[in-house]
Amino acid sequence: MPDLSSFPIAARWPAQHPDKLQLYSFPTPNGVKVSIMLEESGLPYEAHTINIGANETWTPEFLSLNPNGKIPAILDPDGPGGKPIGLFESGAILIYLAEKTGRFLPQDPAARYQTIEWVMWQMAGLGPMFGQLGFFHKFAGAAYEDKRPRERYATESARLIRVLEDRLAGREWIMGADYTIADIACLGWVRNLVGFYGAGELVAYDELKNVPAWLERGLARPAVERGLNIPPRP
């Protein structure tokens, strides 16, 4: 049986099944990337709810695994060489899980790097911009008298979603016929933009054709439907 005692996070959130991959997360657009990937791949795992509303990511135990204090993070008892490994940053975790399972990342070198570039595009642009737009439109930023920040992020989010719209022209998924970690990285963010954030009108979402059809295909996948609610909210 794997020994996780050297990881402080395992003391605060004990593993009932220490032989399984441990997921520490919350069902946000970043968090569900990993739960969707785990559900899609069928890799055995155990999910732990990290209550971001109670600032649990800033506890010493969580920071011992992710010094950046953000979800998601994982602890894999069967890492490289059979040794436990902890990882943070959702994009890095997606690549790790894809390589571990041999799924959702093309074997062809060129297609592999192109898939990774779309994951990086989501990490560097789509996620941060949509998140800022959500803050200034739905949350505390909505009370700001100066509306220029919201307009800035709305303009950039509209541009980015049209990059995705153009990419999906004539394609079922971001990489074409094959569903990959690039799709997994983006699905939760687009869903949040038009759903939870209620910002579809700000980016003229109704004018798009390819993105809504792609989102509908993605949300219809049983593993995506399950992953969007893992781990459960407190």
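**View 1. The largest pocket of the model.** A pocket is an open set of points on a 1 Å grid over the protein atoms alone, with protein on both sides within 12 Å along at least five of seven lines. Grid points are joined across faces, edges and corners, and a volume is the space filled by probe spheres set on the points. The largest pocket here has a volume of about 1,100 Å³. This is a predicted model: local features need pLDDT of at least 70, side-chain atom pairs count only at pLDDT 80 or more, and totals for chains, interfaces and linings use all residues. Residues are numbered from 1 along each chain as its sequence is written, and side-chain values use heavy atoms, with hydrogens and water left out.

**View 2. The lining of the largest pocket.** Lining residues have an atom within 4 Å of a point. There are 37 of them, and Thr-28, Pro-29, Asn-30, Ile-52 and Trp-189 lie nearest the centre. Helices are DSSP runs of H or I with at least four residues, strands are runs of E with at least two, and both are numbered from the N terminus. α2 (31-41), α5 (109-138) and α7 (181-194) each supply at least two lining residues. The largest share, seven residues, comes from α5. By class, the lining has 16 nonpolar, 16 polar and five charged residues. Ala, Val, Leu, Ile, Met, Phe, Trp, Tyr, Cys and Pro count as nonpolar, Asp, Glu, Lys and Arg as charged, and the others, Gly among them, as polar.

**View 3. The nonpolar cores.** A nonpolar core is a set of buried Ala, Val, Leu, Ile, Met, Phe, Trp, Tyr and Cys residues joined through side-chain atoms within 4.5 Å. Buried means under 20% relative accessible area, exposed over 50%, and partly exposed in between (1.4 Å probe, protein chains only). The largest core has 59 residues. Ile-74, Leu-97, Ile-181, Val-190, Val-211 and Trp-214 have the most contacts inside it. A second, separate core has 13 residues, including Ile-9, Phe-62, Leu-65 and Ala-73.

**View 4. Ile-74 and Tyr-96.** Contact means heavy atoms within 4.5 Å. Neighbours within four places in sequence are left aside for Ile-74, whose contacts include Leu-21, Leu-23, Val-34 and Tyr-96. Tyr-96 is found in helix α4. Its relative accessible area is 15%, so Tyr-96 is buried. With the neighbours of Tyr-96 within four places also left aside, its contacts include Asp-76, Asp-78 and Pro-80.

**View 5. Strand β1 and its partner.** Five of the five residues of β1 are buried. Leu-21, Leu-23 and Ser-25 point one way from β1, and Gln-22 and Tyr-24 point the other way. β1 pairs with β2 (residues 45-49) in the parallel sense over five bridges. Two strands pair if DSSP finds at least two bridges between them. The bridge partner of Leu-23 in β2 is Ala-47.

**View 6. Backbone exceptions.** Most residues other than glycine have a negative phi, and most peptide bonds are trans. A cis peptide bond joins Ile-71 and Pro-72, with omega about 0 degrees. Pro-72 lies in the loop between α3 (60-63) and β3 (73-76). The bond from Ile-230 to Pro-231 is also cis, with omega near -5 degrees. Asn-55 is not a glycine, yet has a positive phi of about 60 degrees. Asn-55 is partly exposed, at 46% relative accessible area. Phe-104 has a positive phi near 65 degrees. Phe-104 counts as buried, at 12% relative accessibility.

Key: On a 1 Å grid over the protein atoms alone, a cavity is a set of points where a 1.4 Å probe fits but cannot get out, and a pocket is an open set with protein on both sides within 12 Å along at least five of seven lines; lining residues have an atom within 4 Å of a point.
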